[in-house]
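Hello! Have a look at it first, and then read on.

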Amino acid sequence: MLIHSLVIGTLLLCTHASISDYISKSDIEKFIPAFKSAFENLNKDDLSNVYYGAKGFSLISQPLPINAADACKHLQKFFKDDLSNEIVFHSLASWSLLNCNKLLNVKLHKDSTLKALKATLDKQDSSIGDIRFALESLNILSEAVPNPTKIVQLLQAQLKEDDSLPSVGQALHAASLLGGAGQFAIQYVEDIVVQADEVDGRIMQWEGGLTLTSLLLTGLLRLPEAKPVTQTQAEKFATYLLTRKTVQNVKGVVSLLEAAAALSKSSVSPVSITFVDSAHVTTTKPDLKVRISNIFGQPLSPAPSPILAQSATRTTDDVVVLSKQPLTAGPTPTEYILPLKLDPGHYRVGLTAGSHSAALNVRVLGPVTVQWLEVGLSDSDGTSAPRLTKLQHPSKLTTNLQADSSHHLILRFSLSRPVQQPFLRLSSGKREIIFVAELDSSKAYKIDVNLANELSFSAKFELELILGDSIMSNPLRWSFGAIDVALSTVEPSPQSKRGPRPEIVHMFRPAEKRPPQTVSMLFTALAASPLLLLLILWIKVGINFKNFSFAALPFHVGLGGIFSLFTCFWLKLDMFATCAWLIPIGGFTFLAGHHILSKLAKQKK
């Protein structure tokens with residue numbers, strides 16, 4: 001382990017790391033629908049979408065969609081001089097990318113457009129973004145930049161008020177269009193790079209996501225005569241971009257491709273070292289194919305040299321099995337071949353391509369053969385020696401084994417080399433049971449199955465040997481016979497999973513036992529006794545009916561109706577029926593009570 005760590009450590013110290021992925025053709029195919037969608041269902045607010053769609057097709061060097069002419073007409077219809085400088089730039093860039101001049105034989109801009117753009121560069125209150133996009137538009141129109149020195153002063157004044165990363169990013173792009181006057185932007189480079197976040201020591205990005213990272217990275221790499229990032233930092237930024245290959249919106253895809261293109265064209269272009277097909281070879285086809293390319297999977301210029309396998313180490317025991325072996329060129333400019341004529345196993349290969357390095361985990365697969373197999377039965381009490389039949393792959397037993405609850409099934413076999421997954425499968429219909437073989441002292445695999453304990457019913461079971469391994473090139477399934485097992489139970493008949501399910505019968509709690517009727521009547525009489533006492537006292541005192549008015553009769557009738565309704569609710573009505581009756585009776589009682597109270601109040605006055 002120590003030797004392996006020293007080899008890999010020395011390799012990394014002497015070279016730059018590489019990236020382990022690239023933007024492939026399949027990734028490009030996934031981006032195309034996003035670009036096409038930018039040309040569909042256009043409205044007056046979609047001028048920027050047209051730009052991102054056209055820019056996307058340009059970045060991936062794909063032909064424009066057939067509705068590009070419609071996009072040109074859309075630009076011509078909705079383009080105005082009073083739009084924001086960003087929209088003006090997007091419109092002019094789209095017009096150029098879509099080749100609308102030839103399609104429509106007309107220019108998009110007018111003299112007033114140029115005046116508006118130059119006026120932006122002369123205003124003291126123009127934002128950094130407005131200045132950048134005005135310069136970009138003039139560059140598209142091949143117009144000279146008026147008074148670059150004054151524009152630099154405007155940019156520096158704005159940066160004193162707002163030196164946030166988005167503003168500085170726009171300033172970098174503007175400075176790249178000012179020629180020698182734009183050299184002032186170099187003073188911001190170091191501070192920008194320092195503010196990048198590093199994740200796990202392998203990814204770099206700026207807080208703000210893909211769009212801001214792309215803006216800053218393309219701005220830094222756009223500055224002439226500047227080396228803003230090191231090779232190692234470029235690899236880390238490229239690794240971040242590759243983690244965003246799943247972006248879906250068209251603006252995000254363009255941001256990704258612009259940043260990747262800027263890196264691939266720079267002097268610190270990241271190098272991708274990946275497998276061409278798979279990370280394994282076989283003993284019969286030992287050639288390991290490696291792709292060495294830029295971030296787009298394209299050939300590097302100049303091609304890196306030399307390309308060597310510095311070491312190959314077996315991971316199980318850290319033995320170095322290969323050293324300083326050159327790779328040969330493959331059928332394509334990005335493909336290189338390393339012959340790995342090694343024993344089956346797991347290896348870690350350290351590759352160098354010029355000043356770049358990568359550590360690749362490789363598997364060498366090899367065949368496994370069954371040298372012999374013995375199967376038979378033994379008594380559970382061990383009174384007699386096992387009766388074993390020897391087989392050679394792929395032959396089978398001529399007759400089925402006959403066993404009962406007093407037998408053990410014995411299986412022994414030998415392989416050309418150990419494997420990770422040696423199994424015995426017993427199956428009957430849709431039922432199966434798997435047993436794992438273990439190595440014995442003689443380096444042979446053995447399985448001892450107690451049939452009475454492991455099986456629950458009588459049946460005929462197929463016997464199958466299953467072999468598998470991560471470095472095995474010929475996984476094996478060998479059906480070598482069958483066994484008839486006679487136990488006290490038979491195989492249960494399969495139950496259909498279709499058809500009506502059993503009816504669910506709900507069991508409600510039985511009603512509680514009521515008390516005797518005599519007790520109930522006695523309790524009722526006791527509950528009503530206060531009312532009887534009230535009547536007796538009224539008779540004894542004497543009830544005064546002098547002030548009783550027939551106008552109060554409706555109220556008393558309604559009140560009596562409510563009491564009667566509660567009695568019915570107690571005896572037989574449910575809550576819903578009671579409420580349905582209570583609403584009209586209660587309303588009538590309320591109105592009658594209000595009427596009698598109003599009348600009594602007037603009489604007292």
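Helix H8 has 13 residues, and its first and last C-alpha atoms lie 19 Å apart, close to the 18 Å expected at 1.5 Å a residue. Please keep in mind that this is a predicted model. H8 is mostly covered, with 10 of its 13 residues buried. Those buried residues are Ile 128, Gly 129, Ile 131, Arg 132, Phe 133, Ala 134, Leu 135, Glu 136, Ser 137 and Leu 138. What covers them includes H5, H7, helix H9 (148–161), helix H10 (165–175) and helix H12 (209–222). Just after H8 comes Ser 142, which takes a positive phi of about 60°.

H5 runs over residues 85–97, and at 1.5 Å a residue its 13 residues should span 18 Å; the end C-alpha atoms are 18 Å apart, which agrees. The buried residues of H5 are Asn 85, Val 88, Phe 89, His 90, Ser 91, Leu 92, Ala 93, Ser 94 and Trp 95. They pack against helix H3 (47–59), helix H4 (68–78), helix H6 (100–104), helix H7 (111–120) and helix H8 (128–140). Asn 99, which follows H5, has a positive phi near 60°.

Two of these partners are worth a visit. How do H3 and H5 pack? Their axes are 8 Å apart, at an angle of about 40°. H3 passes H5 in a left-handed crossing. On the H3 side, the contact is made by Leu 47, Ser 48, Val 50, Tyr 51, Tyr 52, Ala 54, Lys 55 and Ser 58. On the H5 side, Ile 87, Phe 89, His 90, Ser 91, Ala 93, Ser 94 and Leu 97 take part.

With H4, the axes come within 10 Å of those of H5 and cross at roughly 145°. This crossing is left-handed as well. Here Cys 72, Leu 75 and Gln 76 of H4 meet Ser 91, Ser 94 and Trp 95 of H5.

Finally, the cores. Which residues touch the most other members of the largest nonpolar core? Among its 88 residues, they are Phe 35, Leu 98, Trp 206 and Leu 241. Helix H14 (residues 250–265) gives the most to this core, with nine residues. Apart from this core lies another, of 36 residues, including Ala 437, Val 449, Phe 461 and Leu 487.

Not counting residues up to four places away in sequence, Leu 98 touches Phe 39, Val 50, Ala 54, Leu 64, Ala 68, Ala 71, Cys 72, Leu 75 and Leu 103. Of these, Val 50 and Ala 54 are also among the H3 residues in contact with H5, while Cys 72 and Leu 75 are among the H4 residues that meet H5.

Enjoy looking around!

Note on methods: Residues are numbered from 1 along each chain as its sequence is written. This is a predicted model: local features need pLDDT of at least 70, side-chain atom pairs count only at pLDDT 80 or more; totals for chains, interfaces and linings use all residues. Side-chain values use heavy atoms; hydrogens and water are left out. A nonpolar core is a set of buried Ala, Val, Leu, Ile, Met, Phe, Trp, Tyr and Cys residues joined through side-chain atoms within 4.5 Å. Buried means under 20% relative accessible area, exposed over 50%, partly exposed in between (1.4 Å probe, protein chains only). Helices (H or I, at least four residues) and strands (E, at least two) are DSSP runs, numbered from the N terminus. Contact means heavy atoms within 4.5 Å. The expected span of a helix is 1.5 Å times one less than its number of residues. Axes are lines fitted to C-alpha atoms, for helices over the stretch in contact, and angles run from 0 to 180 degrees between N-to-C directions. A crossing is left-handed if the near helix is turned anticlockwise from the far one by less than a right angle, and right-handed if clockwise.
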